[in-house]
Amino acid sequence: MDQSTSPEPHLEDVSIGNGPAQTWKPLSSTSVSSPSSPLGPALGSSSRTGQLAGVATAEHIVHDEMYYTWGTGLFPSFMRGDVIVAVVLVLAARIFIKLSSFVDWEEVVDALLDKQSREVGVSFALLTLVAVGSLIIAELWSMYPLAIFLVSAAGCVVSIYLHEVDRQVQYYGESYQAACDICDSVSCSSSTKKGSNTLVLGITNSSAGIVYYLVLSCCVLFKIFTNHYWPIVLAFMLSAMGVVVSLYLLYFSLSVLRVLCPLCTYVHIFNFILFWLMADFAESLRWQ
């Protein structure tokens, strides 16, 4: 375009925040992103509007902010993953509350306060700290890979222990008592003793859990070192499958076996958290 002959369009000066007013000039045909924008990559990029460099007009600011905040469709874009996770958590809580009436919680508390079971209580406290800490790291500082690694590592450790419980039960039989066998209704080894510790093809749940957490961690590592988006999509799909399996195992354990496996419950919680983290991580990468 020959600017000497074409009249320059009327552009108003725009003041962002408390900064000085700036006059923005139109681009020719390409869009330019402004990663150094104080509004961040999601709002500082003009790749969606493709008209002006940086944050060009007040209308552009409002458009990008509304798009990022409210999204399109029924739910806000940044809340879609959280809404799905909330539905899953409500469903899991409903299953747990409705089907765990057979558990004598006073007996469980007394057993955890006993000196012999105090180490088990400390282990439960550490696992709870990992679960809560990972959510804090992700939601406050957006360190999703670190949070995913922490939860995956904790889930892998628990799965390895449960795999050892399966092996000891097969070797010693009904006489074996695991450290997490708190009482008759709260036990880690009961599912193995009842022959219900496998899903398909004779693969134990604990073995599948070890592979599951390792694959999720590898997907995140692959995303970090290659900057591809598809590993996170794969990890999100795997985490969704993990949630479905956890809901099924939780229902089966409480309704059919009528036994609450404490470490298995932590594995289910870790799967719900991983699904939450993967949903938020995948959503955050869309704006980079």
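Buried here means under 20% relative accessible area, exposed means over 50%, and partly exposed is anything in between (1.4 Å probe, protein chains only).

The model is predicted, so local features need pLDDT of at least 70 and side-chain atom pairs count only at pLDDT 80 or more, while totals for chains, interfaces and linings use all residues. Residues are numbered from 1 along each chain as its sequence is written, and side-chain values use heavy atoms, with hydrogens and water left out.

A search of the whole structure turns up 10 aromatic pairs, where rings of Phe, Tyr and Trp (its six-membered ring) pair if their centres lie within 6.5 Å; planes under 30 degrees apart are stacked, over 60 edge-to-face and the rest tilted. Tyrosine 172 and tyrosine 176 make a stacked pair, 6.2 Å centre to centre with 15° between the planes. Tyrosine 172 is partly exposed at 46% relative accessibility, whereas tyrosine 176 is buried at 18%. Phenylalanine 222 and tryptophan 230 are tilted instead, with 5.3 Å between centres and 55° between planes. Ring pairs also tie Phe124, Tyr266 and Phe270 into a cluster.

Phe270 turns up again in helix 10, among the residues that meet helix 6; contact here means heavy atoms within 4.5 Å. Helix 6 contributes residues including Tyr144, Val151 and Leu162. By class, this contact has 18 nonpolar, 3 polar and 1 charged residues, with Ala, Val, Leu, Ile, Met, Phe, Trp, Tyr, Cys and Pro counted as nonpolar, Asp, Glu, Lys and Arg as charged, and the others, Gly among them, as polar.

Definitions and conventions:
Helix = DSSP H or I, 4+ residues; strand = E, 2+ residues; numbered from the N terminus.
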